[in-house]
Amino acid sequence: EVPQPRLFSFNNPFGACPQCHGFGNVIELDMDLVVPDPSRSIQQNAIEPWSKPHYRAQLADLKRAARGRIRLDVPWLDLTDDEKRFVIEGDGASFEGVKGFFRWLERKKYKVHVRVFLSRYRGYLTCPECSGARLRREARDVRVGDRTIDSVCSLTVRDAEAFFAGLTLSEKEAAIAEKILREIRKRLGFLRDVGLDYLTLDRLSSTLSGGESQRINLATSLGSALVDTLYVLDEPSIGLHSRDNERLIAILRQLRDQGNTVLVVEHDADMIKVADNVVDMGLGAGEQGGRVIFSGTLQELLQEPRSLTAKYLRDELAIPVPAVRRKPTNQRIRIVGAAEHNLKDVDIEIPLGVLTCITGVSGSGKSTLVHGVIYAALKRAKGDWDRRVGAHRKLEGGEFVSDVVLVDQAPIGRTPRSNPVTYLKAFDPIRELFAATKDARSRGLTASSFSFNVPGGRCEACEGEGEVKVEMQFLADVFVPCEA
């Protein structure tokens with residue numbers, strides 16, 4: 001192929017790898033899901049799908065075929081590669097192996113329960129055609145400075161800067177590439193300025209931490225070099241370490257110095273102190289709030305007697321450090337060998353019955369450790385997790401907790417009718433109370449007659465939404481309060 005820009009894009013059908021369509025991975029049978037606990041032996045149901053009553057016959061076939069070939073009472077992780085291969089691939093004659101079993105199931109995919117069963121043992125595996133590079137063969141054969149595009153993309157920002165700085169080109173090539181190289185170096189410079197020089201260029205955006213995503217957005221804004229623009233940031237320091245705050249403030253000042261206006265909603269003292277103008281809202285929250293307490297410079301704010309923010313900035317109010325801390329019990333949760341994303345084979349003990357805080361700079365692996373490893377591993381130990389668990393060797397102490405709950409910033413409630421009362425299940429007793437009144441009983445009303453989620457209780461004109469959508473043909477839809 002004659003190289004052209006679309007050949008080097010995995011988002012374009014022309015350049016994407018034909019097998020994985022530019023995703024870099026394919027959905028295949030995942031042996032980590034088939035054998036979730038490698039410390040078990042085949043006798044102890046290490047092969048999870050064959051522990052189900054419906055497929056016990058396959059386990060019996062394996063035991064018959066395994067006589068003299070495989071040790072059935074040895075943990076899966078201690079079996080030799082040949083023994084594992086026999087279990088997975090079979091012998092091609094009397095026993096077809098785990099893969100043969102799933103091929104047989106594929107033929108019954110027209111049944112819903114079989115499709116559900118299959119989906120539980122499938123995961124994303126690196127594409128065998130492009131090895132995760134996401135591009136077709138012809139794109140991976142083109143070299144610049146003895147490197148292909150996928151090997152450049154696998155570099156960190158720091159190494160990529162060094163590569164493009166040290167690129168030796170002939171006079172003709174340098175004339176052609178001059179503007180392109182200037183743009184590349186400038187953008188890599190912005191990523192370095194926001195403190196993300198450790199990220200690889202091909203890192204998936206869905207795996208970035210909150211602070212990293214926000215700083216990439218800021219780097220994009222810096223790169224666009226706009227002027228006379230209003231930038232609005234809602235709590236940009238959330239998820240950032242104090243060290244990263246300095247960098248964030250430097251970027252915001254840079255945006256301001258380019259001739260822009262920067263408007264920030266923030267509680268962070270460092271950010272308030274560098275602001276040219278401060279607007280303080282108050283006095284409290286809810287009904288107590290909604291007033292502008294103060295608007296002006298920081299020095300004037302410090303003189304304002306009514307401002308709660310000013311009291312903390314003047315050190316009149318402070319959150320005291322506890323004099324006595326609770327002693328942990330002997331019970332602990334222990335994770336051994338956590339190695340997901342950038343965790344470097346970490347062992348960690350979490351004491352139970354106390355408040356433990358996990359901290360560190362943005363992108364150091366806090367969320368990966370808590371969400372991806374500890375939470376997922378405990379959920380799976382409780383038999384309540386069918387997705388992938390972050391890489392680790394073993395979990396100890398799971399028996400000390402009865403349940404694990406993740407409280408994150410995902411929106412609560414699955415329907416647009418959801419509100420705090422329905423989410424807390426407080427409406428159930430309220431509805432039962434109304435249904436128990438004499439008037440309700442005489443009219444034959446039940447608890448569900450008082451629910452705006454079900455037919456019979458809800459207003460049918462708006463189906464319990466409280467508002468009706470009016471389609472405006474070529475304009476955006478308008479929502480009006482339901483008249484019924």
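How many disulfides does a search of the whole structure find?

Author: Zero: the search covers the whole structure and finds no disulfides. Keep in mind that the model is predicted. The test asks for cysteine sulfur atoms within 2.5 Å. Take Cys-130. Its closest cysteine sulfur belongs to Cys-127 and lies 3.7 Å away, too far for a bond. Cys-130 is buried, at 2% relative accessibility. Now take Cys-462. The closest cysteine sulfur is in Cys-482, at 3.8 Å, again too far for a bond. Cys-462 is buried as well, with a relative accessible area of 9%.

Other side-chain contacts come next. Leu-7 sits in the segment before strand E1 (25–29). Leu-7 has 0% relative accessibility, so it counts as buried. What does Leu-7 touch, leaving out residues up to four places away in sequence? Its contacts are Glu-1, Phe-14, Gly-15, Leu-135, Arg-136, Glu-138 and Ala-139. Arg-140 is 133 residues from Leu-7 in sequence, but their C-alpha atoms are 9.6 Å apart in space.

Phe-14 and Arg-136 come up again in another setting. Arg-136 lies over the face of Phe-14, 5.0 Å from the ring centre. Arg-6 also lies over the face of Phe-14, and here the distance to the ring centre is 3.9 Å.

Rings also pair with rings. The count comes to twelve aromatic pairs. One of them joins Tyr-55 and Phe-117. Their centres are 5.0 Å apart, the planes make an angle of 45°, and the pair is tilted. Tyr-55 belongs to the loop between helix H1 (31–34) and helix H2 (56–65), while Phe-117 belongs to helix H5 (residues 112–119), so the pair ties together parts that are 62 residues apart in sequence. Phe-117 is buried at 9%. The pair is also part of a cluster. Ring pairs link Trp-50, Tyr-55, Phe-86, Phe-95, Phe-101, Phe-102, Trp-104, Phe-117 and Tyr-121.

Now a helix. H11 covers residues 242–257 and has 16 residues. From first C-alpha to last, H11 reaches 23 Å, close to the 22 Å expected at 1.5 Å a residue. Which residues of H11 are buried? They are Asp-244, Asn-245, Leu-248, Ile-249, Ile-251, Leu-252 and Leu-255. Down the axis of H11, these buried residues fall within an arc of 160°, so they line one face of the helix. An α-helix has 3.6 residues a turn, so residues three or four places apart point the same way. On the other side of H11, Glu-246 and Asp-257 are exposed.

What does the buried face pack against? The buried residues of H11 pack against helix H10 (210–224), strand E5 (230–234), strand E6 (261–265) and helix H12 (269–274). Ser-221 gives a view from the H10 side. Ser-221 lies in helix H10. Its 17% relative accessibility makes Ser-221 buried. Beyond residues up to four places away in sequence, Ser-221 touches Tyr-231 and Leu-255. Leu-255 is one of the buried residues of H11.

The backbone has its own details. Just after H11, Gly-259 takes a positive phi of about 105°. Glu-235 also has a positive phi, near 50°, and Glu-235 is not a glycine. Glu-235 lies in the loop between E5 and H11. With 23% relative accessibility, Glu-235 counts as partly exposed. Asn-45 is another non-glycine residue with a positive phi, about 65°. Asn-45 lies in the loop between H1 and H2. Asn-45 is partly exposed, with a relative accessible area of 26%.

One peptide bond deserves a look too. Is the bond from Gly-282 to Leu-283 cis or trans? It is cis, with omega near -5°. Leu-283 lies in the loop between strand E7 (278–282) and strand E8 (291–296).

Methods: Residues numbered from 1 in each chain as written. Predicted model: local features only at pLDDT ≥ 70, side-chain atom pairs only at ≥ 80, totals over all residues. Heavy atoms only, no water. Helix = DSSP H or I, 4+ residues; strand = E, 2+ residues; numbered from the N terminus. Expected span 1.5 Å × (residues − 1). Buried < 20%, exposed > 50% of the residue type's maximum accessible area, 1.4 Å probe, protein only. Arc of directions from axis to C-beta. Contact = heavy atoms within 4.5 Å. Phe/Tyr/Trp six-rings, centres within 6.5 Å; stacked < 30°, edge-to-face > 60°. Lys NZ or Arg CZ within 6 Å of the ring centre and 35° of its normal.
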